[in-house]
Amino acid sequence: MSSKLSKYLLMKKNLKLILNTMIPGDNYMPCFTKAVKVEKIIKRLNNDKFLDNLKKREINLSKKKNWDNCVKILGSDIIEIYFTSNSAIKSLKLKKRDDLKNVKKENMIKLLKEVKYKKKIFRN
C-alpha cells in the first residue's frame, strides 16, 4: 500500500471519528457519516492545515485542546451540511409526525378526564 493512500485512509478514519463524536445518532436521526459522505467535508476543507494534521497521526479526542480545535474548525460547516442532507430532513419529518401523534393523544386523554370530572359535578 502506498504511503499516500495510507495517509488518506488515516485522515478519513480520524475525520469519521471526529464527526460521529460531534453529531451522534439516536432513534430518529442518523449519525453524521450515515447522513453525509466524508468526502464532502474533505473537499470543503481542501488544502487546510487541519487535514494535514489528521494525515500525520491518529487523533486523541480525550484531550480538551484537540477537541476544541476540531470544534472551532468544523463546527458551523458540519451543522450546515448535516441538516441539509436528505436523510436528516426525512428523519426530522418522521420525528415531527410521531411527536404530533403523541401530542394529539395526550390532549384527547386530558379532555376526556376533564369531561368525566365535570359530569360528576353536574350529577351531584
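Which residues does Ile 41 touch, not counting residues up to four places away in sequence? Ile 41 touches Leu 15, Leu 19, Phe 32, Leu 74, Ile 78 and Ile 81, where contact means heavy atoms within 4.5 Å. The model is predicted, so local features need pLDDT of at least 70 and side-chain atom pairs count only at pLDDT 80 or more, whereas totals for chains, interfaces and linings use all residues. Residues are numbered from 1 along each chain as its sequence is written, and side-chain values use heavy atoms, with hydrogens and water left out.

The chain as a whole comes first. Its secondary structure consists of six helices and zero strands, in which helices (H or I, at least four residues) and strands (E, at least two) are DSSP runs numbered from the N terminus. The order of elements from the N terminus is accordingly α-α-α-α-α-α. Along the principal axes, the C-alpha atoms fill a box of roughly 85 × 30 × 25 Å. The radius of gyration of the chain is 24 Å, whereas a compact globule of 124 residues would have one near 14 Å; this radius is taken over C-alpha atoms, and the globule rule is 2.2 Å times the number of residues to the power 0.38.

Of the 124 residues, 25% count as buried. Buried means under 20% relative accessible area, exposed means over 50%, and partly exposed lies in between (1.4 Å probe, protein chains only). The chain exposes about 9,700 Å², of which carbon and sulfur atoms supply 55%; accessible areas come from the Shrake-Rupley method with a 1.4 Å probe, and for residues only the protein chains shown count as cover. Among contacts with a separation of 6 or more, 75% are between residues 24 or more positions apart.

The nonpolar interior may be considered next. In soluble globular proteins, nonpolar side chains tend to be buried together. A nonpolar core is a set of buried Ala, Val, Leu, Ile, Met, Phe, Trp, Tyr and Cys residues joined through side-chain atoms within 4.5 Å. The largest such core here has 24 residues, and those touching the most other members are Leu 15, Ile 18, Phe 32, Ile 41, Phe 50, Leu 54 and Leu 74. Two or more residues each come from helix H1 (3–22), helix H2 (32–35), helix H3 (38–44), helix H4 (49–56) and helix H5 (64–83). H5 gives the largest share, five residues.

The buried residues of H1 are Met 11, Asn 14, Leu 15, Ile 18 and Leu 19. Seen down the axis, they fall within an arc of 130°, so they line one face of the helix; the arc is that of the directions from the helix axis to the C-beta atoms. An α-helix has 3.6 residues a turn, so residues three or four places apart point the same way. The cover over the buried residues of H1 includes H2, H3, H4 and H5. Ser 6, also found in H1, counts as partly exposed at 32% relative accessibility.

Helix H4 can be read in a similar manner. Phe 50, Leu 51 and Leu 54 are its buried residues. They cover an arc of only 95° around the axis, which puts them on the same side of H4. They pack against H1, H3 and H5, while Lys 49 and Lys 56 are exposed on the other side of the helix.

Several individual positions complete the description. Gly 25 lies in the loop between H1 and H2 and counts as partly exposed at 41% relative accessibility. Leaving aside residues up to four places away in sequence, Gly 25 touches Pro 30 and Cys 31. Asn 69, in helix H5, is partly exposed with a relative accessible area of 32%. Between Asn 69 and Ile 41, which are 28 residues apart in sequence, the C-alpha to C-alpha distance is 16 Å.

Ser 91 belongs to helix H6 (residues 86–123) and, at 8% relative accessibility, counts as buried. Apart from neighbours within four places in sequence, Ser 91 is in contact with Tyr 28, Met 29 and Pro 30. The C-alpha atoms of Ser 91 and Ser 6, 85 residues apart along the chain, are separated by 35 Å.
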